[in-house]
Amino acid sequence: MIRSERSRRYAVAALRVLAVAAVYYGSARVGLLRQVTVHGAMVTPLWPPTGISLSCLLWLGPRIWPGIALGALLVVGELGGAVTPSSVAVVAGSTLAPLCAYLLLRRAGFRKELDRLRDGVVLVFLGAMAGMVISPTAGTSMLVVDGKLPAGDFWSVWAAWWAGDVMGVLVVTPLLLVLCRARMPRLPDRWAEAGALAVVAVVGTMVATHSTLSMLYLVFPIIVWAALRFQLAGSAPCALLVSVLAIVAGTDRVGPFAGHTIVEVMINLTVLNGAVALTSLLLAAIVAEQRHIRLRIERACEELAEVVDQLAPGRSAAAWPSRAKDERDRR
């Protein structure tokens with residue numbers, strides 16, 4: 001019986017590792033659809049596997065790291081063919097980067113609910129910007145060592161590689177964390193508003209990213225609307241939509257990206273996607289934190305009213321807090 005239970009646990013663990021590897025590989029194929037060349041090196045403005053890897057580590061724990069390594073090995077093998085010391089270094093960097101980001105987040109007391117401003121700041125600066133330093137450093141260094149990249153172009157390629165990994169964490173990780181705990185809205189008017197937001201987000205982002213009038217700033221009122229009304233459950237999908245459509249327009253050199261070099265396009269995409277992701281994540285975290293504070297205050301008022309009722313049974317001291325409770329229930 002003990003051996004059977006142990007075998008079952010091993011089988012479940014193996015399936016999780018294989019599932020993570022499959023998702024990593026599939027998301028990498030999607031990311032490679034919009035790869036660009038910077039000084040002869042292939043990079044992507046948004047690398048989804050980094051966000052997926054960090055999300056899997058946050059939900060399943062560090063034991064699934066072999067799945068990340070296996071997925072990275074499959075991607076590197078498909079791109080480069082034979083396994084070489086350089087490809088091994090790239091796989092190691094791709095595995096260690098999300099692992100280090102996970103350890104940094106865990107050390108900082110990060111909560112997967114992303115309902116505090118602290119969690120948003122930690123995810124941005126530790127999970128994304130600091131944790132993703134390892135992968136581009138390993139990959140770009142190997143390009144220089146193999147003679148495929150001049151040493152003078154190291155930092156340009158490194159910055160483009162790092163930006164793609166950072167965007168993967170900032171855009172994909174919040175969305176996956178939301179999907180794992182999403183709750184459906186209870187009121188019909190929220191469904192109507194969500195539908196209106198989706199339509200406005202698609203149309204507004206298409207206009208902003210494909211118009212020759214350089215109206216990229218139009219996306220920010222949409223992100224603010226989504227964050228204020230739906231918190232991260234609304235702002236995270238909108239941020240992903242904006243990033244994807246902006247990358248499509250940038251790599252096709254249309255709209256505000258027309259007439260620019262690929263380096264200029266990468267800089268513009270990095271700044272835009274970074275600003276959108278930061279606005280989405282931090283504003284949604286602030287709204288969620290303020291909402292939790294308000295709910296705690298309302299509960300404290302209700303508990304105080306119950307104490308007053310027990311001390312003076314003949315008085316209706318709980319009348320005014322009950323309105324707050326009814327309002328919270330309706331939300």
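How many disulfides does the count come to? The count comes to 0 disulfides. This is a predicted model. Its largest nonpolar core has 66 residues, and a second, separate core has 10. UniProt, in an unreviewed entry, places the feature "transmembrane region" at five stretches, listed below.

- Cys100 is in no disulfide. The nearest cysteine sulfur belongs to Cys56 and lies 17 Å away.
- Cys100 is partly exposed, at a relative accessible area of 27%.
- Cys238 has its closest cysteine sulfur in Cys180, 19 Å away. That is too far for a bond.
- Cys238 is buried, with a relative accessible area of 7%.
- A disulfide is a covalent bond between the sulfur atoms of two cysteines.

**Nonpolar cores**

- Leu54 is in contact with Pro98, Ala101, Tyr102, Leu105, Leu123, Gly127, Val169 and Thr173, leaving aside its neighbours within four places in sequence.

**Helix 9**

- Helix 9 covers residues 219-230, which is 12 residues.
- From first C-alpha to last, helix 9 reaches 16 Å, close to the 16 Å expected at 1.5 Å a residue.
- Its buried residues are Val219, Ile222, Ile223, Ala226, Ala227 and Phe230.
- An α-helix has 3.6 residues a turn, so residues three or four places apart point the same way.
- Just after helix 9, Gln231 takes a positive phi of about 55°.

**Transmembrane annotation**

- The UniProt entry gives residues 88-105, 117-138, 158-179, 215-232 and 265-288 as "transmembrane region".
- In the model, residues 88-105 are 100% helix and 0% strand. The end C-alpha atoms of this stretch are 26 Å apart.
- Residues 265-288 are likewise 100% helix and 0% strand. Here the end C-alpha atoms are 34 Å apart.

Technical notes:
Residues are numbered from 1 along each chain as its sequence is written. This is a predicted model: local features need pLDDT of at least 70, side-chain atom pairs count only at pLDDT 80 or more; totals for chains, interfaces and linings use all residues. Side-chain values use heavy atoms; hydrogens and water are left out. Helices (H or I, at least four residues) and strands (E, at least two) are DSSP runs, numbered from the N terminus. The expected span of a helix is 1.5 Å times one less than its number of residues. Buried means under 20% relative accessible area, exposed over 50%, partly exposed in between (1.4 Å probe, protein chains only). A nonpolar core is a set of buried Ala, Val, Leu, Ile, Met, Phe, Trp, Tyr and Cys residues joined through side-chain atoms within 4.5 Å. Contact means heavy atoms within 4.5 Å. UniProt positions are given in the numbering used here, feature names are shortened, and annotations may be inferred rather than shown by experiment. A disulfide is a pair of cysteine sulfur atoms within 2.5 Å.
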